[in-house]
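Subject: Structure handover

Hello,

Please find the structure below. My notes on what was found in it follow.

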Amino acid sequence: YPTSDRAVSLGPGLSVTALSTAAPSPRTQSVLVAVDAVRFKVGLNHPGGLFRPFALLAGGFLWTRFEQRIDAPPGAQDESFAGLATVGAGADVWGRGRFGVTTLLLTRIRAFGSERLPVAWFEASVGFRFGL
């Protein structure tokens, strides 16, 4: 947020997922990078408080590299790009200073791209925030 009393923000988002613990399958990725080119985030309570729940809606793309190769010619990379829509909710919990913790639950929806990617999946994350 540009200032501490904002309830709406518009900007990019980035998520990197690596080191899957699942047993390798045709859908297991070794790395996935999701870019929300435009992320619209709306606060759900009075802006400027220490606890700030929010909802978000975003659109962008992803790139992934798969653990196992399928139907690929020799020397080909098993990588894929796909269109992506994101919906989610979370909360920023701010301390008295300029430090906060964010929790976030997202649903990622593949708009188009490789059938090796599921149509939808969920992500949970915790992050640290610095700023106003």
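Of the strands that line the largest pocket, E1 gives the largest share of the lining, 7 residues. This is a predicted model, in which local features need pLDDT of at least 70 and side-chain atom pairs count only at pLDDT 80 or more, while totals for chains, interfaces and linings use all residues. Residues are numbered from 1 along each chain as its sequence is written, and side-chain values use heavy atoms, with hydrogens and water left out.

The pocket

A pocket here is an open set of points on a 1 Å grid over the protein atoms alone, where a 1.4 Å probe fits, with protein on both sides within 12 Å along at least five of seven lines; lining residues have an atom within 4 Å of a point. The largest pocket has a volume of about 500 Å³, a volume being the space filled by probe spheres set on the points. Its lining has 23 residues, and Arg-39, Lys-41, Thr-102, Leu-104 and Arg-129 lie nearest the centre. At least two lining residues come from each of strands E1 (8–18), E2 (29–43), E3 (51–66), E5 (99–113) and E6 (120–130); strands are DSSP runs of at least two residues, numbered from the N terminus. By type, the lining has 11 nonpolar, 7 polar and 5 charged residues (Ala, Val, Leu, Ile, Met, Phe, Trp, Tyr, Cys and Pro count as nonpolar, Asp, Glu, Lys and Arg as charged, the others, Gly among them, as polar).

The rings

There is 1 aromatic pair in the structure (ring centres within 6.5 Å; planes under 30 degrees apart count as stacked). The ring centres of Phe-99 and Phe-128 are 5.9 Å apart and the planes are at 20°, so the pair is stacked. Phe-99 belongs to strand E5 and Phe-128 to strand E6, 29 residues apart. Phe-99 is partly exposed at 39% relative accessible area, whereas Phe-128 is exposed at 60% (buried means under 20%, exposed over 50%, partly exposed in between, with a 1.4 Å probe and protein chains only).

A buried glutamate

Glu-123 is in strand E6 and counts as buried, with 16% relative accessibility. Its side chain makes polar contacts with the side chains of Ser-15, at 3.4 Å, and Arg-108, at 3.3 Å (a polar contact is a pair of N or O atoms within 3.5 Å; within protein, one must be able to donate a hydrogen and the other to accept it).

Regards

Note on methods
Helices (H or I, at least four residues) and strands (E, at least two) are DSSP runs, numbered from the N terminus. Rings of Phe, Tyr and Trp (its six-membered ring) pair if their centres lie within 6.5 Å; planes under 30 degrees apart count as stacked, over 60 as edge-to-face and the rest as tilted.
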